[in-house]
Amino acid sequence: MTQTGAPMAWAESPRSRCQFYRSVCSLPTVLDPATGRITMRAGFVGAVMMPTELAQRVKTGLDFRGVAPLSIIGHPRAKIWTFLVRADIRPIGDPAEVARLWKARVVVIRDGDIALPSPVADPLMVRTWVSPATSAFRPSGAVVVECALSILRQTRQ
C-alpha cells in the first residue's frame, strides 16, 4: 500500500537547534528547557553589536572582502545586528577611535551571555538570523571592528 497523504512536517525543537549550534557551528550553547531560550557564554566566541544601518554597510564591506560565511543575529525591535566573531579584539588605544565607536553605538561583547535565535515562537520578535550560523567559521572580531571604523571615518569626512 502506498501512502498518498502529505509527509509530516518536521518540527525543529529548541533542543535540536541547540545541538546543531554545538555540533555543526562549534558554539558553546546551553538551553533553558523551561523557556526554550538558547544562550552561549562569550569567551572563545565574542560578538560585535551595532545599529542595523551601519551593520548592513559592514556586512557589504566584509562580503566584498570575501569574509564568509557570516553569522549575524538581528534584533528587529531594537534595530541592531550582532556579528558572532572570534574573540581576537585588542583594546583600542586611540581615544578618538573609541569615541567614534561609542557614538555610533558599536558594542564589543567579550564576556557574558549571548542569546541566539531559538525555534520557539517569539511574539516579540526579539531575535532572528540575518545570516544564520552554518559552520564553525567566525570572522576576526578585529576585522569586523576595523571595517566599522573605516565606514565611520568615511562618514565623518
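## The hairpin of E4 and E5

Lysine 79 takes a positive phi near 55° in the hairpin of E4 and E5, where 4 residues lie between the strands. Helices (H or I, at least four residues) and strands (E, at least two) are DSSP runs, numbered from the N terminus. The model is predicted: local features need pLDDT of at least 70, side-chain atom pairs count only at pLDDT 80 or more, and totals for chains, interfaces and linings use all residues. Residues are numbered from 1 along each chain as its sequence is written, and side-chain values use heavy atoms, with hydrogens and water left out.

Strand E4 (residues 72–75) is joined to E5 by 4 bridges, and the two run antiparallel. Isoleucine 72 stands opposite phenylalanine 83 of E5, while glycine 74 has tryptophan 81 in E5 as its bridge partner.

Two strands are taken to pair if DSSP finds at least two bridges between them. The open sheet has 5 strands in the order E6-E3-E5-E4-E8, with antiparallel pairing. Strand E6 (107–109) and strand E8 (128–131) stand at the edges with a single partner strand each, so one side of each is left without a neighbour in the sheet. From one strand to the next, the twist averages 30°.

How is strand E5 (residues 80–86) placed relative to the rest of the structure? Of its 7 residues, 6 are buried, so E5 is largely enclosed by the rest of the structure. Buried means under 20% relative accessible area, with exposed over 50% and partly exposed in between (1.4 Å probe, protein chains only).

## Helices around the sheet

Helix H2 (residues 52–65) lies across E3, E4 and E5 and runs at about 40° to E5. Axes are lines fitted to C-alpha atoms, for helices over the stretch in contact, and angles run from 0 to 180 degrees between N-to-C directions.

Aspartate 94 caps the N-terminal end of helix H3 (residues 95–103), with a side-chain oxygen 2.9 Å from the backbone nitrogen of alanine 96. Just after H3, arginine 105 takes a positive phi of about 65°.

## Nonpolar cores

The largest nonpolar core has 23 residues, and Val48, Met50, Leu54, Val58, Leu62, Phe83 and Val144 have the most contacts inside it. E3, H2, E5 and helix H4 (141–156) each supply at least two residues of this core, and H4 gives the most, with 7 residues. Apart from this core lies another, of 16 residues, among them Cys25, Met40, Ile114 and Leu116. A nonpolar core is a set of buried Ala, Val, Leu, Ile, Met, Phe, Trp, Tyr and Cys residues joined through side-chain atoms within 4.5 Å.

Not counting residues up to four places away in sequence, methionine 50 touches residues including Val58, Ile80, Trp81, Phe83, Arg105 and Val144. Contact means heavy atoms within 4.5 Å.

## The chain as a whole

The protein chain has 4 helices and 8 strands, which follow the pattern α-β-β-β-α-β-β-α-β-β-β-α along the sequence. Of its 157 residues, 39% are buried. Among contacts between residues at least 6 apart in sequence, 77% join residues at least 24 apart.

Notes. Polar contact = N/O pair within 3.5 Å; in protein donor to acceptor, adjacent residues only side chain to side chain.
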